[in-house]
Number of protein chains: 2
Amino acid sequence: MQIIVLDAGTLDFDDSAWAALRELGNVQLYRSTATNTLAITQCIGEAEVVFTNKVPLSADVLQALPNLKFIGVLATGYNVVDMAAAARFGQTVCNVPTYGSATTAQHTVALILELCNQVGQHSASVHAGDWVRSELFAYWQQAPRELAAMTVGIIGFGTIGRRVAAALNMMGAKVLASARTERNPPDYDGFDWASNEMIFARADL
Amino acid sequence: MQIIVLDAGTLDFDDSAWAALRELGNVQLYRSTATNTLAITQCIGEAEVVFTNKVPLSADVLQALPNLKFIGVLATGYNVVDMAAAARFGQTVCNVPTYGSATTAQHTVALILELCNQVGQHSASVHAGDWVRSELFAYWQQAPRELAAMTVGIIGFGTIGRRVAAALNMMGAKVLASARTERNPPDYDGFDWASNEMIFARADL
């Protein structure tokens with residue numbers, strides 16, 4: 001079985017990460033692939049299996065690949081694949097629905113805390129001597145913005161949204177969440193379901 | 001009643017914050033006070049009530065103030081007061097045991113996420129054009145350090161420690177906690193009580 005990876009360079013893996021795939025067939029890794037129909041179809045060629053992260057697989061591409069049976073999207077969103085065309089040509093498409101949920105929640109909270117606490121800026125200021133020169137050692141360049149005084153709105157209360165909300169709630173924030181189906185509310189204080197309109201009207205974050 | 005605040009400058013209040021105190025007596029605010037016995041005793045004078053954040057009240061100071069009845073420490077730690085001397089002279093000492101728990105937990109998590117994600121550095125890099133010039137738009141200056149792969153050790157599992165631990169656990173970290181009395185364990189997965197020695201041996205953070 002011939003297996004093609006169109007843009008392995010988007011994944012910062014050493015080669016051992018592909019070992020399990022190599023047990024299933026002959027794996028050809030391209031670091032990246034130009035995003036035009038000719039380049040993509042030439043890379044895939046007679047292969048039965050292709051993996052892509054960002055290289056788009058349009059109806060034109062899929063139609064030109066009669067051997068192709070399986071498309072693995074190395075991401076959560078699968079908008080890079082023309083799903084209707086893949087269905088028409090009997091090509092199975094799989095994505096990775098839940099990788100990195102904890103990591104994405106962590107990064108979201110990190111972005112919020114950069115806005116609120118600006119640790120890097122204060123670290124540079126302290127290194128520059130502003131602390132040792134301060135009069136009363138009660139010192140900041142900008143007062144921290146306190147989550148305990150904020151309401152956070154989460155639109156889409158799935159795995160990542162729930163983790164972000166819980167982490168912020170542990171630091172004192174109230175949480176408003178909107179979801180297509182309001183189920184399994186978290187058990188901490190300061191949580192309410194809300195419409196998107198209410199979130200835009202009331203949320204600080 | 002004469003009420004003295006020795007170092008009001010350490011608290012970034014506008015004057016209205018002292019209104020409740022002014023209802024109780026004649027309040028004199030010093031922005032700061034030199035930390036020698038003579039300066040401190042002169043500031044306090046005949047007052048019955050004194051508030052301090054960082055100005056130390058030694059046995060020598062307390063002995064020189066026969067009118068003093070009450071010492072309010074504008075902080076959690078009360079190591080600035082010679083407690084044995086205050087007890088000997090019948091001077092009541094109060095601290096503020098639980099102010100800013102959510103804010104302190106927030107700042108602790110902000111410090112950790114600066115180490116892990118370095119948002120400020122990446123923001124500057126993106127502003128400098130590194131993102132738009134990147135080849136595959138899968139780009140970082142330093143890979144994020146993932147809490148989901150870490151064990152966090154908390155020594156002293158009080159209000160702040162529990163909030164920090166819960167927030168980090170929501171982002172995937174395992175938690176080891178040591179406490180003089182192991183009670184009310186949190187109900188999330190990945191929590192264990194541990195000795196300080198075990199924490200130093202096993203914790204990443």
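How many residues does the contact take from chain A and from chain B? The contact takes 31 residues from chain A and 31 from chain B, where two residues are in contact if their C-beta atoms, placed from the backbone, lie within 7 Å. This is a predicted model, in which local features need pLDDT of at least 70 and side-chain atom pairs count only at pLDDT 80 or more, while totals for chains, interfaces and linings use all residues. Residues are numbered from 1 along each chain as its sequence is written, and chains are lettered from A and ligands numbered from 1 in the order in which they are written.

**Chain A overall**

- Chain A has eight helices and eight strands; helices (H or I, at least four residues) and strands (E, at least two) are DSSP runs, numbered from the N terminus.
- Chain A is more spread out than a compact globule, because its radius of gyration is 24 Å, well over the 17 Å that the globule rule gives for 205 residues. The radius is taken over C-alpha atoms, and the rule is 2.2 Å times the number of residues to the power 0.38.
- Along the principal axes, the C-alpha atoms of chain A fill a box of roughly 70 × 45 × 30 Å.
- Of the 205 residues in chain A, 32% are buried. A residue is buried if 20 or more other C-beta atoms lie within 10 Å of its own, exposed if 12 or fewer, and partly exposed in between, with C-beta atoms placed from the backbone.
- Among contacts in chain A with a separation of 6 or more, 42% come from residues 24 or more positions apart.

**The side of chain A that touches chain B**

- The contact draws 31 residues from chain A, and α5, α6 (119-127) and α7 of chain A each supply at least two residues of the side that touches chain B.
- The largest share of this side, 12 residues, comes from α5(A).
- By residue class, this side of chain A divides into 17 nonpolar, 10 polar and four charged. Ala, Val, Leu, Ile, Met, Phe, Trp, Tyr, Cys and Pro count as nonpolar, Asp, Glu, Lys and Arg as charged, and the others, Gly among them, as polar.

**The α5 pair**

- The axes of helix α5 (residues 101-117) of chain A and helix α5 (residues 101-117) of chain B come within 9 Å and cross at roughly 115°. Axes are lines fitted to C-alpha atoms, for helices over the stretch in contact, and angles run from 0 to 180 degrees between N-to-C directions.
- α5(A) passes α5(B) in a left-handed crossing, meaning that the near helix is turned anticlockwise from the far one by less than a right angle; clockwise would be right-handed.
- A:Gln106, A:His107, A:Val109, A:Ala110, A:Leu113, A:Cys116 and A:Asn117 in α5(A) meet residues of α5(B), including B:Gln106, B:His107 and B:Leu113.

- The 12 residues of α7(A) should span 16 Å at 1.5 Å a residue, and its end C-alpha atoms are 17 Å apart, which agrees. The expected span is 1.5 Å times one less than the number of residues.
- In α7(A), 11 of the 12 residues are buried, among them A:Arg162, A:Arg163 and A:Asn169.
- The buried residues of α7(A) pack against α5, β6 (151-155) and β7 (174-178) of chain A together with α7 of chain B.
- Helix α7 (residues 159-170) of chain B has 12 residues and reaches 17 Å from its first C-alpha to its last; 11 of its 12 residues are buried.
- The buried residues of α7(B) pack against α7 (159-170) of chain A, and also against α5, β6 (151-155) and β7 (174-178) of chain B.

**Individual residues**

- B:Val152 lies in strand β6 of chain B and counts as buried because it has 22 C-beta neighbours inside 10 Å.
- Not counting residues up to four places away in sequence, B:Val152 touches B:Ala165, B:Leu168, B:Ala173, B:Val175, B:Ala203 and B:Leu205.
- A:Asn184 is not a glycine but has a positive phi of about 50°; A:Asn184 is found in the loop between β7 and β8 (191-193) of chain A.
- A:Asn184 counts as exposed, with 9 C-beta neighbours inside 10 Å.
- B:Asn184 has a positive phi near 50° and is exposed, with 9 other C-beta atoms within 10 Å.
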